[in-house]
Number of protein chains: 2
Amino acid sequence: MIKRKSIRKIVFDNFIKKFKESNLKITPQRIAILEQVLSSQGHPSAEEIYNKIKKSYPNISFDTVNRTLLTFADIGILDIVEGTGDVRRFDPNDKSHHHFRCKKCERIEDFYYEDYDKLEIPENIKEKFNIKKIRVILEGICDKCISSYSSSETDSNP
Amino acid sequence: MIKRKSIRKIVFDNFIKKFKESNLKITPQRIAILEQVLSSQGHPSAEEIYNKIKKSYPNISFDTVNRTLLTFADIGILDIVEGTGDVRRFDPNDKSHHHFRCKKCERIEDFYYEDYDKLEIPENIKEKFNIKKIRVILEGICDKCISSYSSSETDSNP
DNA sequence: GTCTAATTAATAATTATTACTATTTAGGAA
DNA sequence: TTCCTAAATAGTAATAATTATTAATTAGAC
Ligand SMILES: [Mn+2]
Ligand SMILES: [Mn+2]
Ligand SMILES: [Zn+2]
Ligand SMILES: [Zn+2]
């Protein structure tokens, strides 16, 4: 019990340290947003996080939430999910992972696969660019959508 | 000379075939958009394509261009670039490839690397999902931005 | 405690994307 | 070929998402 709490505190303090390193002031708003984000599941939009925070912090402004989330992404506390031109979604999962995306329902699912974390970087890329992160997205049709998926589009011989 | 032209025609005719297979009517607008897209470099937005088409087709509407591009993406003529919540960008490059993205200037560069095309799919994903496409995104800082990149952010011992 | 630059709330403004509707048209049938 | 109809388009309008503005507040340095 005590141990669990102290681990949580350590994680939290680490983020506070990051704030300071990045010369960001520690404001009640940022704390509230950080806490909300750390307890979020899935890939929430700024609006979703805003709505949850409003319950405990009724007069926070949307702009502050959005701006802060982008700031968090900047300093590496958060990630932004790779999308296809829809609303921006944030990723509070700090463990190294990758995504499956369903082309039908746009569901985005985390998965873990170490092989993908340590892919070899092609030489010509290595020369020109300083690579910080490898993202793999597996795209297809999810189990829930597969049944309603038109058979004409199935990989079958013509 | 003749050969080059005939190859181009074959490519074009293939797309027309796709139209028909998908029960899409062959309209002058769709032809114009297809031609514009096939001759596009990089990763244009709907607006960019719209502006180019307007020169030869002055009263085409933006909605038609945008809608058609999405339709093209649907039937697999085009791809949509994985973004981070900014304007949607299309990908006319039909060769199997992957992307490098610069975190500073948002530059997106194509690269080819066969190893990435045939990555192994983890078993638990294979069971639940029907994977159609593997995308790898290498994220980092590009050569043009590296010089202006704050040295404090460089991977060095503290 | 004082001071100042950073941050915020509360908008407003701008973009981006999608929806609506009267009109036109592609393509199949007669 | 001509006729017919569902699909597609032009020309907006509406909505949604993102960013900007500004006066007021405040965190943190001194
Ligand atoms: Mn994730
Ligand atoms: Mn590309
Ligand atoms: Zn699905
Ligand atoms: Zn760059």
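Is Asp91(B) buried or exposed? In this predicted model, Asp91(B) has a relative accessibility of 2%, so that residue counts as buried.

Next, the aromatic rings. Over all chains there are 10 aromatic pairs. Take Phe100(A) and Phe129(B): the ring centres are 3.7 Å apart and the planes meet at 10°, so this pair is stacked. This pair crosses between chains. Phe100(A) sits in strand S3 of chain A, residues 98-102, while Phe129(B) sits in the loop of chain B between helix H6 (123-128) and strand S5 (130-141). Both Phe100(A) and Phe129(B) are buried.

A second pair is Phe19(B) with Phe72(B). Here the centres are 5.4 Å apart and the planes are at 40°, so the pair is tilted. Phe19(B) and Phe72(B) link distant parts of the chain, being 53 residues apart. Phe19(B) belongs to helix H1 of chain B, residues 2-21, and Phe72(B) to helix H4 of chain B, residues 62-74. Phe19(B) is buried at 0% relative accessibility, and Phe72(B) is buried at 0% as well.

Last, which residues do ring pairs link into a cluster? They are Phe111(A), Tyr113(A) and Tyr116(A).

Note on methods: Residues numbered from 1 in each chain as written. Chains lettered and ligands numbered in written order. Predicted model: local features only at pLDDT ≥ 70, side-chain atom pairs only at ≥ 80, totals over all residues. Heavy atoms only, no water. Buried < 20%, exposed > 50% of the residue type's maximum accessible area, 1.4 Å probe, protein only. Phe/Tyr/Trp six-rings, centres within 6.5 Å; stacked < 30°, edge-to-face > 60°. Helix = DSSP H or I, 4+ residues; strand = E, 2+ residues; numbered from the N terminus.
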